[in-house]
Amino acid sequence: MNIVVCVKYVPDATADRSFDSSDSTVDREGVDGLLSELDEYAVEQALLAAEESDGEVTVLTVGPADAADAVRKALQMGADKGVHVEDDDIAGSDAAATSLIIAKALGTLEYDLVFFGMSSTDGTMGVVPTMVAERLGLPAVTYGSEISVDGSTVTVRRDGDVATETITATAPAVVSVTDQSGEPRYPSFKGIMAAKKKPVEELTLSDLGIDPSEVGLDAAWTKVLSFAPRPPRSAGEIVTDEGDGGVKLAEFLASKKFV
Amino acid sequence: MSEIFVLVDHVDGTVRKTTGELLTLARRLGTPSAVFIGSGADAAQAYLAQYGAEKVYVLDAPELTEYLVAPKAEALAELVSSKQPAAVLVSSSAEGKEIAGRLSIKTQSGLITDAVDVRAAGDGVETTQSVFAGNFTVEATVTTGTPIVAVKPNSVTPEQASAAATLEPVSVTVSDVAKGARITDSKPREATGRPELTEAAIVVSGGRGTGGDFSQVEAFADSLGAAVGASRAAVDSGWYPHSFQVGQTGKTVSPQLYVANGISGAIQHRAGMQTSKTIVAVNKDEEAPIFELVDFGVVGDLKEVLPQATDEVNKRKG
């Protein structure tokens, strides 16, 4: 089975993330980037599915030059080859344009299953997997917390707000996975050395037959008007429990009419 | 006034509170029409009337609910094409966002997710979002197509306004391409007797500091009529089910009151609760980052503080 796993290079979620004041896009200069933590779970499930079926895993990313780091990390974990779509005209693309680029890039590859993380850790929309599926006319089994692949059938357990569902689809299909799907492996020393020799294909918009006017900030279907840091919460009252902490807590809640 | 679509979030006709919130927001933009997909529209009609839906489009066919979201998105897209509403509001749940994502591509329309406010602006809409773990507020607008906005639960207090809620059946055909992901089994979440986590006005959460025993957290939650949440550390330790996890990879909550017990307040957790109106924490470690967010904090052992607080709350309720 041929597997593609789509990954995103994001600003480190534990750093002070901000916006670029010139165009209101995510600031990718001021903060170190890395493979989105949630995509590591997708890489893990892609590797497991490929191991089961003796298949190959291709890691696909769309992003600036530094996004090669995200591809490399997935190769170190065990993916076989990489595809990196990079073009200056992609900067500022929204979810819809990103899904167009991914869909076109998938068109150059052979795949049975396409894995995604449940969302990125920066934009956190979680809509790109379904948008890609929509563009390619593929079924999407999403937010999988337990994934099994049997022949050409993929089945996931999805823990929704009101029910736990079992969803099944036949390849080719898009699959997105949660952080409950299984701990991602760490790259081994051998994996790190082997990754250096693995091929990474670099593609531009023209390689994919995409006109630059279809993507990037100017083509976005939504526009950020303004951004502002959230005002710091005013310092609250902190008491140390001296045997009456519970009563003081209840008194505070009563003063705010919660009791 | 222009027509605003509200996709009804319901379980077999029992409408979830988020729908009342969406209808309240829709009334600020124009005339709300509810879009009801699945069976049970008759049962939902009274609620939808109460919150101001003038019309209820009823899309009911077995294929709409036997498969994951794609048929719903297809049916909604057809209705959007024929009625040309000024905007479409959906709940920012996993299912709501997926329907919205497919609708966005089908109708070539801009999508904004996780909005905490929507208002009319010019001939379109403007939204407010809270991003980067709640550290930034972003104002945005849709520039292309029919604005689609996924709104977070608890973003607005539902306000009643009576309307006709006239049921209008819409015939539906589902294409084969939308029937790719079949739902083969569905087990309703076991009833806890507590409010649903994302809808609750008060959430009481436990973390590593519980040591695995959530009984004091649950008792305190029950005294306040609250939902129970858990940190990722507690869930990863197997102490509480994942469906109760609050944080970046779990549920995002924005209740009137959030009480964090034995939770340090790592960015992962803050991302899921930072927009709560009032925040209270109980933690043994006075250096815990959660105390930077609180309106009121108790440095102490939750095993002692919570039972006392529970007794005091129950006493005050008389």
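Predicted model: local features only at pLDDT ≥ 70, side-chain atom pairs only at ≥ 80, totals over all residues.

Me: How many residues does helix α1 of chain A have, and how far does it reach?
Reply: Helix α1 of chain A covers residues 37-53, which is 17 residues. It reaches 26 Å from its first C-alpha to its last. That is close to the 24 Å expected at 1.5 Å a residue.

Me: What follows α1(A)?
Reply: D54(A) follows it. The phi of D54(A) is positive, near 60°.

Me: New topic. Which residues of the largest nonpolar core touch the most other members?
Reply: That core has 139 residues. The ones touching the most other members are V5(A), A74(A), V175(A), V6(B), V35(B), F36(B) and L89(B). Helix α3 of chain A, residues 95-106, gives the largest share, 9 residues.

Me: What is A74(A) in contact with?
Reply: Leave aside its neighbours within four places in sequence. Then A74(A) is in contact with V5(A), V7(A), L35(A), V43(A), V59(A) and A79(A). V43(A) is also one of the buried residues of α1(A).

Me: How many residues are in the other core?
Reply: Another core, of 46 residues, lies apart from the largest one. V204(B), L224(B), I290(B) and L302(B) are among its members.

Me: How many residues does each chain give to the contact?
Reply: Chain B gives 74 residues and chain A gives 66. On the chain B side, the residues divide into 32 nonpolar, 25 polar and 17 charged. Elements giving two or more residues to that side include α5, β7, β9 and α9 of chain B.

Me: Which strand of chain B is joined to β14 of chain A?
Reply: That would be β9(B). 7 bridges join the two strands, and they run antiparallel. T222(A) stands opposite V142(B) there.

Me: What's the strand order in the open sheet?
Reply: The sheet has 6 strands, in the order β15(A)-β17(B)-β16(B)-β15(B)-β13(B)-β14(B). The pairing is parallel. β15 of chain A and β14 of chain B stand at the edges, each with a single partner strand, so one side of each has no neighbour in the sheet. The twist averages 15° from one strand to the next.

Me: How many bridges join β16(B) to β17(B)?
Reply: There are 4, and the strands run parallel. V282(B) stands opposite V298(B) in β17(B).

Me: Which strands does helix α6 of chain B touch?
Reply: It packs on the sheet and touches β13, β14 and β15 of chain B. Its direction makes about 175° with that of β13(B). Another helix, α9(B), lies across β15, β16 and β17 of chain B. α9(B) runs at about 130° to β16(B).

Me: Last one. What does β9(A) pair with?
Reply: β9(A) pairs with β12 of chain A in the parallel sense over 3 bridges. A140(A) has V174(A) as its bridge partner in β12(A). β9(A) also pairs with β10 of chain A in the antiparallel sense, over 6 bridges. There, V149(A) is partnered with V154(A).

Me: And how many residues sit between β9(A) and β10(A)?
Reply: There are 2, and the strands form a hairpin. G151(A), in the turn, has a positive phi of about 60°.

Technical notes: Residues numbered from 1 in each chain as written. Chains lettered and ligands numbered in written order. Expected span 1.5 Å × (residues − 1). Buried ≥ 20, exposed ≤ 12 C-beta atoms within 10 Å, placed from the backbone. Contact = placed C-beta atoms within 7 Å. Nonpolar A, V, L, I, M, F, W, Y, C, P; charged D, E, K, R; others polar. Pairing = 2+ DSSP bridges. Core = buried A, V, L, I, M, F, W, Y, C linked by C-beta atoms within 7 Å. Axes fitted to C-alpha atoms, helices over the stretch in contact; angles between N-to-C directions.
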